[in-house]
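These are my notebook entries on what I looked up, set down in the order in which I went through the model.

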Amino acid sequence: MRKKFLFSFVVILLGLISVGCGNEKTAESVKNSPQNSESKPADTDKMISSSSESTDPLTANQTAVPTLFIHGYEGTAGSFNGMLSRFETSGWGKKALTITVQPDGSISETGTWQNQSDNPLIQVLFADNKNNEWNQADWVKAVLSYLKKTYQIDEVNLVGHSMGGVSSFRYLVTYGEDESLPTVNKFVAIGAPFNDFVTGNEAQSLDELNQNGPLVISERYSDFSAGIQHYPKLTNMLNIVGDVQDGSDGDGTVPVRSGLAIGYLMQTNGLDYHEEEIVGSQAHHSQLHENTQVDKLVGDFLWGTP
């Protein structure tokens with residue numbers, strides 16, 4: 001880590017001497033459905049400057065399977081623009097489409113689909129970016145149905161940040177076994193509050209959480225527990241959480257135990273599941289999709305050598 005910090009300092013110093021660089025990312029927030037009385041806003045981030053540092057070396061396997069990137073509550077194109085740009089710069093994939101879903105499920109797109117085999121990347125935007133996870137799950141379904149009918153796409157990967165991770169999981173336990181839709185090969189959740197924002201789990205150790213599940217469960221988690229048997233058996237999951245190490249045991253928005261709670265359901269049902277924790281100041285909720293450690297984890301999971 002000391003070497004990475006030194007490298008970042010040198011990059012910043014050279015940037016000041018020459019032409020100074022950097023970009024700002026649009027803030028996201030996460031909020032559960034108004035149908036859930038336990039709901040709380042999950043992301044109150046402001047505009048945060050992020051580094052344009054390239055990702056660590058990765059020799060990516062090139063496939064024709066597109067990966068869909070789904071933003072969180074109040075998310076915009078800025079939510080994943082940085083990650084997609086870094087992936088392209090590193091040769092890990094190439095952005096093909098941006099798909100926007102209207103509240104009625106209608107689809108519009110920009111970009112060009114050419115049946116490419118260079119890990120095509122698709123950004124998904126919800127026109128109503130403050131809606132609940134049930135509707136968003138239906139919109140994910142609408143996107144996959146559109147890709148199947150329009151481009152005969154049979155397989156996809158999903159990457160969801162925050163509410164986008166929750167909505168993607170709800171899609172998987174609701175529609176993941178529907179054979180008329182593309183198969184989801186791999187799913188990545190980044191900073192997703194799977195057990196919402198209930199209190200009462202703060203003193204539970206992570207080992208106890210892993211072995212027994214959360215002491216206090218939310219309505220959301222209860223739904224997931226009831227539907228987990230419908231999660232597609234061949235969909236591998238990577239779950240990334242953040243801990244800014246300020247004593248809050250979370251990424252500044254989502255508690256670590258809320259994010260990791262889903263592991264108990266996945267593992268006790270014999271599903272392929274991996275989890276990673278990012279720590280430090282760059283583990284803040286809105287910085288997780290700007291963190292090059294996260295880039296590397298996502299890239300390795302989706303396209304690295306098995």
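I began with Asp196, which I found in the loop between β8 (183-190) and α5 (206-212); helices (H or I, at least four residues) and strands (E, at least two) are DSSP runs, numbered from the N terminus. Asp196 has a positive phi of about 55 degrees although it is not a glycine, and with a relative accessible area of 0% it is buried. For these words I kept to one scale, in which buried means under 20% relative accessible area, exposed over 50%, and partly exposed in between (1.4 Å probe, protein chains only).

I note here that this is a predicted model, in which local features need pLDDT of at least 70 and side-chain atom pairs count only at pLDDT 80 or more, while totals for chains, interfaces and linings use all residues. Residues are numbered from 1 along each chain as its sequence is written, and side-chain values use heavy atoms, with hydrogens and water left out.

Next I looked up Gln152, another residue that has a positive phi of about 55 degrees although it is not a glycine. Gln152 sits in the loop between α3 and β7 (155-161), and its relative accessible area of 54% makes it exposed.

I then turned to the aromatic rings. The structure holds 13 aromatic pairs, where rings of Phe, Tyr and Trp (its six-membered ring) pair if their centres lie within 6.5 Å, and planes under 30 degrees apart count as stacked, over 60 as edge-to-face and the rest as tilted. Because Trp113 lies in the loop between β5 (107-111) and β6 (120-126) and Tyr151 in helix α3 (residues 133-151), the pair ties together parts that are 38 residues apart in sequence. Both Trp113 and Tyr151 are buried.

What kind of pair do the rings of Tyr146 and Tyr151 form? Their centres are 6.4 Å apart and their planes stand at 85 degrees, so I wrote down edge-to-face. Tyr146 counts as partly exposed at 21% relative accessibility, whereas Tyr151 is buried at 18%. I also found one aromatic cluster, formed by Phe69, Phe80, Phe87, Trp92 and Trp303.

Gly91 was my next stop, in the loop between α2 (78-89) and β4 (94-101), where it counts as partly exposed at 44% relative accessibility. Gly91 and Leu58 are 33 residues apart in sequence and, C-alpha to C-alpha, 8.8 Å apart in space.

For the chain as a whole I recorded 9 helices and 10 strands, with 52% of the 306 residues counting as buried. Taking contact to mean heavy atoms within 4.5 Å, I noted that among contacts between residues at least 6 apart in sequence, 78% join residues at least 24 apart.

Last, I asked which residues lie closest to the centre of the second largest pocket. Of the 22 residues that line this pocket, they are Val198, Glu202, Ser248, Asp249 and Pro255. A pocket, on a 1 Å grid over the protein atoms alone and with a 1.4 Å probe, is an open set of points with protein on both sides within 12 Å along at least five of seven lines, and lining residues have an atom within 4 Å of a point. Helix α7 (residues 256-260) gives the largest share of the lining, 3 residues.
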